[in-house]
Amino acid sequence: MFDGLHKGHQYLISQLKKLSEKALVVTFVNHPLWVVTGHRQPQLLSTPEEKIEALTSLGVTPLLLEFDSTLRNMTGEEFINMLAQKYGVNHLLFGFNNSIG
């Protein structure tokens with residue numbers, strides 16, 4: 001989840017832009033832990049609007065998804081297929097500690 005853009009995020013975005021002219025960054029409006037644990041949403045560093053502004057200023061298209069029970073229950077394959085079919089994603093770039101599904 002992109003919540004603020006630290007140097008690691010900025011590095012990933014710079015690498016993504018080298019690989020594609022049309023770079024899309026996928027993140028969430030709400031923190032996934034809120035849905036997974038049922039506890040109160042963790043304190044976030046930035047609002048969805050601030051995320052959009054920051055990502056856009058770096059030359060990428062932000063895609064903010066609502067992390068809900070439907071998204072949580074998707075398999076990794078279903079999630080990737082959804083990104084491909086609905087948003088035209090054909091390559092993915094991850095940080096070292098990211099997982100899908």
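Predicted model: local features only at pLDDT ≥ 70, side-chain atom pairs only at ≥ 80, totals over all residues.

Trainee: Okay, which class does Leu92 fall into, then: buried, partly exposed or exposed?

Mentor: Start with its place, which is in the segment after helix H5 (76-87). The relative accessibility of Leu92 is 38%. The middle class runs between 20% and 50%, so Leu92 counts as partly exposed.

Trainee: Let's zoom out. What pattern does the chain follow along the sequence?

Mentor: The secondary structure comes to five helices and two strands. Reading along the sequence, you get α-β-α-α-β-α-α.

Trainee: And what radius of gyration does the chain have?

Mentor: Along its principal axes, the C-alpha trace spans about 40 × 30 × 25 Å. For 101 residues, a compact globule would have a radius of gyration near 13 Å, and the chain's value agrees with that. That value is 14 Å.

Trainee: What share of the residues in the chain is buried?

Mentor: Lys51, in helix H3 (residues 48-57), is an example, because its relative accessible area is 4% and buried means under 20%. Of the 101 residues in the chain, the buried share is 24%.

Trainee: How far is the backbone oxygen of Phe28 from a polar atom of the side chain of Lys51?

Mentor: Both residues are tucked away: Lys51 is buried at 4% relative accessible area, and Phe28 is buried at 15%. The backbone oxygen of Phe28 and that side-chain atom of Lys51 are separated by 2.9 Å.

Trainee: How many aromatic pairs does the count come to, and what kind of geometry is there?

Mentor: The count comes to one aromatic pair. Phe28 and Phe67 form it, with 5.2 Å centre to centre and 85 degrees between the planes. Over 60 degrees counts as edge-to-face, so this pair is edge-to-face.

Trainee: How many residues apart are Phe28 and Phe67?

Mentor: Phe28 sits in strand S1 (residues 24-28), while Phe67 is in the loop between strand S2 (61-65) and helix H4 (69-72). Phe67 is buried too, at 11% relative accessible area.

Trainee: Last one: how far apart in space are Val36 and Arg72, C-alpha to C-alpha?

Mentor: Val36 is in helix H2 (residues 32-37) and is partly exposed, with a relative accessible area of 39%. In sequence, Val36 and Arg72 are 36 residues apart. In space, their C-alpha separation is 7.7 Å.

Methods:
Residues numbered from 1 in each chain as written. Heavy atoms only, no water. Helix = DSSP H or I, 4+ residues; strand = E, 2+ residues; numbered from the N terminus. Buried < 20%, exposed > 50% of the residue type's maximum accessible area, 1.4 Å probe, protein only. Polar contact = N/O pair within 3.5 Å; in protein donor to acceptor, adjacent residues only side chain to side chain. Phe/Tyr/Trp six-rings, centres within 6.5 Å; stacked < 30°, edge-to-face > 60°. Rg over C-alpha atoms; globule rule 2.2 N^0.38 Å.
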